[in-house]
Amino acid sequence: MLTDPALRSWIDIAPGHPFPLQNLPFGVFEREATAGAPGTGPRLGVAIGSYVLDLYAVQQQGFFDGVGLLAGLPPKVLRRRSLNRFIGLGRPVWRAVRQRLSELLRHDNPELRDHEDAVRACLLRQTDVQLLQPIKPRNYTDFYSSIEHATNVGSMFRDPANALLPNWRHLPVAYHGRASSIVVSGTPICRPQGQRKAPDAEAPTFGPSQQLDFELEVGFVVGKGTTLGSPVPIAEAEDHIFGVLLFNDWSARDLQSWEYAPLGPFLGKNFGSSVSPWVVTMDALEPFRVPGPAQLPTPLPYLQVPGPHHFDLQLEVALLPAGATEEVVISQTNFRHLYWSMAQQLAHHASNGCNLEVGDLYASGTISGPTPDSLGSMLELAWRGTRPLPLPDGSERSFLLDGDTVIMRGYGELSNGVRIGFGEVRGMVLAGL
Ligand code: MN
């Protein structure tokens, strides 16, 4: 098992680091030319400790030669600007790569370890490279699958007694989002302008959003497409998932609440969404499988699946307030709280015959937990501005200010404390135009 907690690498990896030998998440990077060295152009890579393993270099050094499926891996696929083409090669190839890298990096394997030149060619410090957006999704869908979040929002905007709309417990509610404005961690987000109307105002005005928010979400990347008209039986849904990443679905609440009726989210959402640079494979998440919450009423048969399909992944949101030097954790929750599983989301998405494409990104919706310190958005943490969140620097927040940086992190923990992590997704709010 590649996730055996006892596995060790010859690379020095600090305890609790998100990228131990058991993880091996995929990403894309580029090293710019410096005075001493030429640039690499885009390359596929795998995170190991604080390094990136350059998959193209690994292949050029001969470490994939004669290794089953990897012998025929087209070199071009490893020099692309996204993982999409690699993902399209299929699960047997992703598995073979992780299997081979796990062997090469194991503490007692000298093949790479003892060859200084090869190590220098293949291993780069993450701080020496630029991590690029790992996937280019042609389609992005945002679900609304946290019962705590949906209940909180329904209570605030409608009626606490009937917070969930009648469909909510019967299907994973979602909307089609905007793929073009998805950006990688580190990309600043400009405060959007738009129309907003306070409930007591006579007419709307146009200007910078006054209620800019984040949404803590986990997204999954489609690894196997379908043809139009072919639903996916729920028992096969996870076969269509490549891996998982962190997702910040930035939201302008004032724009959203004015525009959303009757067709749903639009400009309050599509000005930017941030993804983490590493995609953690479903294989690496296998140890964290847990049963989800009880679903009542029982969903219709096409959404029923036996066995555990939720994942025990600890999540947190930190805020680095504008001008501050220390970040503060403002929310801690868990992916397992989600009501609808990724398998149910995918099976529902395909149930009408809608075709899934490799690289599509499907996000969970804001993940809130049951306690006040586990809420996944400012909207909920400050309860629509009615109880602003006090910060250590003496300031408080109802929504995000220009210069604020939001950082999301997540991990699953193995029995011996080894963490299979996502790294982080971060973004700073800039004043709008
Ligand atoms: Mn969302």
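Visitor: What does it take for two strands to pair?
Guide: Two strands pair if DSSP finds at least two bridges between them. In this predicted model, strand β3 and strand β4 (residues 123–125) are joined by 3 bridges and run antiparallel.

Visitor: And which residue in β4 does Val52 stand opposite?
Guide: Val52 is placed opposite Leu124.

Visitor: How many bridges are there between β2 and β3?
Guide: There are 4 bridges between strand β2 (residues 43–48) and strand β3 (residues 51–54), again in the antiparallel sense.

Visitor: Changing topic, which residues are the protein donors of the manganese ion?
Guide: The protein donors are Asp142 (OD), Glu215 (OE), Glu217 (OE) and Asp249 (OD), lying 2.1 Å from the ion. Along the chain, the donors follow the spacing D-x72-E-x1-E-x31-D. Asp142 belongs to strand β6 (residues 140–143), while Glu215 sits in the loop between β12 (212–213) and β13 (216–222), so this pair ties together parts that are 73 residues apart in sequence.

Visitor: Are Asp142 and Glu215 buried or exposed?
Guide: Asp142 is buried, and Glu215 is buried as well.

Visitor: What about helix α9, how many of its residues are buried?
Guide: Helix α9 (residues 342–350) is mostly covered, with 9 of its 9 residues buried. Among them are Met342, Leu346, His348 and His349.

Note on methods:
Residues numbered from 1 in each chain as written. Predicted model: local features only at pLDDT ≥ 70, side-chain atom pairs only at ≥ 80, totals over all residues. Heavy atoms only, no water. Donors = N, O, S within 2.8 Å, 3.2 Å for Na, K, Ca; no water. Helix = DSSP H or I, 4+ residues; strand = E, 2+ residues; numbered from the N terminus. Buried < 20%, exposed > 50% of the residue type's maximum accessible area, 1.4 Å probe, protein only.
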